[in-house]
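This report covers selected residues and the nonpolar cores of one structure. The sequence and model are shown first.

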Amino acid sequence: MCFAAALIAVATSSRAQRPAGPISDTTQIGFSSVTKDSALEARTSAVASQLRCPICQGLSIQDSPSDLSQQMRSLVRDQLAAGKTPDEVKAYFVSKYGEWILLAPKPSGFNLLAYALPIGVVVIGGLGIFVAVRRWTGPAPEPTPGPDPAALPAHNSQPQ
Amino acid sequence: MNWKRASIAAVCVIPVVGLFIYGMHHDPRDIPSPMPGKPAPAFALEVFAPGQPPLQRPMGDTVRLADLRGDVVVLNFWASWCLSCRDEHVTLSEVAKTYVGKPVHFVGSLYQDTPGNGRDWIAQMGGQSYPSVQDPHARTAIDYGLYGVPETFIISADGRIAHKITGPASAALVSQVVDSLLASTPQPKAAP
Amino acid sequence: MNGIVGRSALLITLPFILFGIFAVPFGVKRKRPEWISIAYGTVFANFLLLTAAALAMITALVTHDFSVSYVAQVGSRSTPLLFTVISLWGALEGSILFWGWVLALYAFLVVTINKNRPGNLIPYTAMTLLCVSLFFSILLVGPANPFHVVFPVPLDGPGPNPLLQNHFLMAIHPPLLYLGYVGMSVPFGFAVGAVLSGEAESNDWIRLTRNWTVVTWGLLSAAIIAGMWWSYDVLGWGGYWAWDPVENASFLPWLTATAFLHSAMVQERRSMLRVWNLNLVVGTFVLTILGTFLTRSGIISSVHAFTTGTIGYYFLTFIALVLLAALVLVAGNSDRLKTNGRLDSAASRETIFLLNNLFLTAFMLTVLVGTLFPLVAEAIRGVKVSVGGPFFNRMTLPMIAALLFLMGVGPALPWKAATKEELKAKLIPPVIGGVLLLAVALAMGVKNLYGLLVFAFVGYSAQANLTEFWIGARARRAAHGENWATALWKLIASNRRRYGGYVAHFGVFFVALGIAASSSLRTEHEATLKPGETMMIRGKTIRLKGMWGREEKQRSVVGATVELMSGTSVAGTLEPRMNFYPTQAEPVPTPDVESGPFGDLYLNLVAFRPDGSNATIKAIYEPLLGWIWFGGGVVVLGAFISGWPSRRRRTVVSSVAMPGRTSARDAA
């Protein structure tokens, strides 16, 4: 009992915002949700990895340990179990939170620029290297012709 | 030093700096919600804090958004651990009282918290004039696209989200929105 | 007292810096070397004054002098001493002070080491570094002044951010990062100095720049790895890289610096790629300033973002000036420096370096675009989008795979030209290594394409690199009759640059395998346990022994004691914890990790009941994760070997810089 009291005291004493009253012994601090169905879990993880945690800095709801992320994840699982497709689940979250909730921008319209640029750089750069190496290993350019020796006055000839 | 090339290159700085100036005037953390204008998601949640007469509802009663259709609903998400919620608590309670008798319902929804903590907090804050419901697993909060607390949704009589307030609500703003919604809603004929 | 010393030192250094900046061109144009010496003197003065300011701040922190604004902001009597000292770099103003000090240190070192080098390269380098110092010194007496007077003096302070008090790596990661990051100013200084002094047409400045870049690159590599390790140990999600904007900001200059380390060799040997190298060096510096701007301006939200304010506008002005100077410098001199390149053959190491640069640059541009895209999309479309892990992983994995493969081909191919027989002899055998590691990956259970590709390419490249060591050592044995160990040692010592580079390659191989295995084969299991109950993860059993709580000076801690079982006996204990700070609403979790050579068992305390009746533990098993840290160490070792100064010869200055004087080479 002393131990329990000590734990409660420790857990609550530094929470300035919490009211001074006792926390119920059966209160759970933190939230967790996992099921035993591993195929469903795998599908949940795949979708959850693409959704952004609204209160974290760039983590997915799959990775984030925050309560909201876990609850969103549990919602993802329930929707998948109810038969929704991953795209439908993602569309649901987009309708609630906006496009921002997707961790990779939808590859459509202006967003395609973000996807096209890296590919473009590799392709164009690769072509550039190909062309450059061809040029650099090709036959050496003709040396610029120097003055025609016959046209010059001979060194030893008398000046005009 | 090829000044022509240098000047052309120098011009390229302009759009980059322009982009940065734009960025400095926009808060990256301010995410606009797509919810305003859309139909308010339905909910059926259990009362855990009855509120005070005359707006009181019994403990354990279920508040359904569908039942409130035809009236203006002010849905406020809060939590006992949320510091900013303290700023708006008294405000909302007072504003709710000014709409007694009118077709307006104030409902508080608890977010990421336990009913016990919520009740204690309300008691500590001197009571709440309207009832608060609990939202297990934050399903309703997610349905409303909640980023954090406090957030307040003002729902028009025809069931659309008319306005979303992020952060502590001010009396002026809430009253203004509710009044304009009441004005545009045809009042039901008084019973003879 | 501390405040007065600090404020004065920071103020006094400004005229010194300004004087130095003008003394250099004056001394060069008027051919008055005494003015150059005076300029070097100002570099020294700047270093002394900034050291005084830094010491004053450390003293203020340790003695809890809350009359100094920065101490009042981050100090606290209840913070342990270590974290008090390292809070020097924990918040904005302190970090700028630290930056200014590191920059002053580097300028001082550059000048001192290269003082007697003939020519105008070093003077102009000093001038450039002083210009950069000027900006930071302006910040330090202006918006980022850490020595403001606080009156009335508070009795105590809030202490540093709790996330910064959890781990000893907080003492290591930021200093390393600053040393590496700020260090990229030095190559930039050399580049500007080379162009201004006319030495850009020769290749000597490249060698000097490359030697310094190896050191700063090594430090930056260490910093990035330390940051990943800290993130892994502290943040609780079992990951080490989230493509957060500030992580990207530290990574971008690393990519261009790596490209430079390779393409510099092409310039040294073939006098080619001069403009490209100039671009890389200047670009690396621009990226460091960009990264600093991104984190301190508030335009992108990130884990690391410091508080914003007017300082963003100062950085904006600085980056505009830096960009302008960089673009003008490179564009204005590009046609003058261009060479008509010649390559003997497409089948040569030079070509591989070109490809290596292509992929590293593409990688850098991908990360840059991804980091800035949310801002651009908002400006153009008006909609906020996120660009996170899924985007970066998908776009960069192919490039990473290509680079891993090239790391095997490059060392195998000779410079200039490889004959068909050489190609066959060098490029075909490592396939065995590739197949071998592919088999290992499949045996371990890796199923995804990139996981398998990474293993296969690492196998190929590792064998190719090992072969280089073997060939070299074998030749030494034949020539000198040494045993294998001596031959290997002497081989590395005799050609530090090359074999240090191969060692660094091996570091990268370990890191790549660690990342591939830990992400492809990661298993997770979460369970709520009562004391005495067990759960399984990857064939291992762990048992919750019980919960405990304790009060510490600055926080309360609740932990779970979890025993790792081997059969019925206890093989080890882990204690994941939750830390409750009075200033935070949410607790900060601290996971506990059992690291082994084959994998890490990572435990996180997700939830618990205050009466200790149960606890929810999330267990993650990540194979080969420790290889990332080990590999990082090997990379730094490689940089160390490569950068170790060679006793054999001193740099010979070409005759370009000193008209009328011929060097020994030209006189032949």
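Val71(C) is buried, its relative accessible area being 0% (buried means under 20% relative accessible area, exposed over 50%, partly exposed in between, with a 1.4 Å probe and protein chains only). The model is predicted: local features need pLDDT of at least 70, side-chain atom pairs count only at pLDDT 80 or more, and totals for chains, interfaces and linings use all residues. Residues are numbered from 1 along each chain as its sequence is written, chains are lettered from A in the order in which they are written, and side-chain values use heavy atoms, without hydrogens and water.

Val71(C) belongs to helix 3 (residues 69-74) of chain C; helices (H or I, at least four residues) and strands (E, at least two) are DSSP runs, numbered from the N terminus. Beyond four places in sequence, contacts of Val71(C) include Met57(C), Leu61(C) and Phe66(C), where contact means heavy atoms within 4.5 Å.

## Nonpolar cores

The largest nonpolar core has 175 residues, and Phe20(B), Met57(C), Ile96(C), Phe136(C) and Trp205(C) have the most contacts inside it. Such a core is a set of buried Ala, Val, Leu, Ile, Met, Phe, Trp, Tyr and Cys residues joined through side-chain atoms within 4.5 Å.

Phe20(B) touches residues of chain C, among them Leu290(C), Phe293(C) and Leu375(C).

## A residue in strand 3

Arg550(C) sits in strand 3 (residues 540-551) of chain C and is partly exposed, at 36% relative accessibility. Its side chain makes a polar contact of 2.8 Å with the side chain of Glu552(C) (a pair of N or O atoms within 3.5 Å; within protein, one must be able to donate a hydrogen and the other to accept it, and residues adjacent in sequence count only if both atoms are side-chain atoms).
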